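Please keep the sequence and the model in view while reading.

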Amino acid sequence: MAQKMVQDKVVVVTGAGGGIGRDMALALAAAGAKVVVNDIGTSTTGEGQDAGPAQKVVEEIRAAGGQAVANMDSVAEAAAAGRIVQCALDHFGRIDGVVNNAGILRDRFFHKMSLDEWDAVVKVHLYGSYYMARAAANHFKEQESGAFVHMTSTSGLIGNFGQANYSAAKLGLVALSKSIALDMQKFNVRSNCIAPFAWSRMIGSIPTDTPEQQARVAKIQQMTPNKIAPLAVYLLSDAAKDVNAQVFAVRNNEIFLMSQPRPMRSVHRSEGWTPEFIAEHGMPALKSSFVPMERSGDVFSWDPV
């Protein structure tokens, strides 16, 4: 029998009780991994708690002949993130991969956003990913192997309305991933990001008041969560041993390699610059590289998740 892609690797998937996380957990198990299915079972805004979603995914995996265990600790607390990693060690004896997928939304236009709405989202997405990565890092270092997959978003990479908290956390996560990749590459530890496009409850609140909005939502609904899973499985496998510090996006049957920030154009003046000289000469030289906001609206048709 041919070796499966991630045979006997132990992988933690956070937020795996539904949507994209569930499909990644199922795909990893089908590809031979032993999976810790982490989900506290909250609403999309982070309220409540329910053991059912995680346990249901575990039962699906076991019914298909795979190995999995449920965990309900919160990624938003450092000690709890440590328990999630310890769960993998207790049940399966090691840890080989972490998928940072858990997330909540507290959408609000920036000028109306409360401190609580800011804190709650950043705590789960950015702090939670840091806590999980930090809890696994020493184990990866000691065994000189391991892989992180962090779920980012085009809300951070490109921008979106009413999501300053989510956007800031998701772009911060890209920087965190790159830093992990640089710091841990010498231990054969990799860190990459995926920006998913998929219909899930996280974007189920998109308004459908007009025919245009209805058509937009119908298009997104074709982008099912299971389209994201194959790339995640690949990035956690040994086949991706040379893939590090990258940002990918998946939209239906397309996989994108996203560009890294690089200088587009420069101007130099040996005498230095004054604000007035920048306005008169520097900006005209640079301005042709700008993408004005009114011309960049098409990027939002990417429908961030």
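Is glutamate 271 buried or exposed? Glutamate 271 has a relative accessible area of 61%, so it counts as exposed. Here buried means under 20% relative accessible area, exposed over 50%, and partly exposed in between (1.4 Å probe, protein chains only).

The model is predicted: local features need pLDDT of at least 70, side-chain atom pairs count only at pLDDT 80 or more, and totals for chains, interfaces and linings use all residues. Residues are numbered from 1 along each chain as its sequence is written, and side-chain values use heavy atoms, with hydrogens and water left out.

**Salt bridges**

The structure holds 9 salt bridges. A salt bridge is a side-chain nitrogen of Lys or Arg within 4 Å of a carboxyl oxygen of Asp or Glu. The table gives some of them, including the one formed by glutamate 271.

| Glutamate 60 | Arginine 22 | 2.7 Å |

Salt bridges with shared partners join Arg22, Asp23 and Glu60 into one network. Glutamate 60 lies in helix α2 (residues 52-63) and arginine 22 in helix α1, so their bridge ties together parts that are 38 residues apart in sequence. Helices (H or I, at least four residues) are DSSP runs, numbered from the N terminus.

Glutamate 60 is partly exposed at 28%, and arginine 22 is partly exposed at 26%. Glutamate 117 is buried at 11%, while arginine 108 is partly exposed at 39%.

**Helices α1 and α8**

Helix α1 covers residues 19-30 and helix α8 residues 229-236; they pack at an angle of about 55 degrees, with their axes 9 Å apart. Axes are lines fitted to C-alpha atoms, for helices over the stretch in contact, and angles run from 0 to 180 degrees between N-to-C directions. The two helices are therefore oblique to each other. Angles under 35 degrees count as roughly parallel, over 145 as roughly antiparallel, 65 to 115 as roughly perpendicular and the rest as oblique.

Which residues meet? Asp23, Met24, Ala27 and Leu28 in α1 are in contact (heavy atoms within 4.5 Å) with Ala229, Ala232, Val233 and Leu236 in α8.

**Alanine 79**

Alanine 79 belongs to helix α3 (residues 78-92) and, at 54% relative accessibility, counts as exposed. Its C-alpha atom is 8.9 Å from that of alanine 135, 56 residues apart along the chain.
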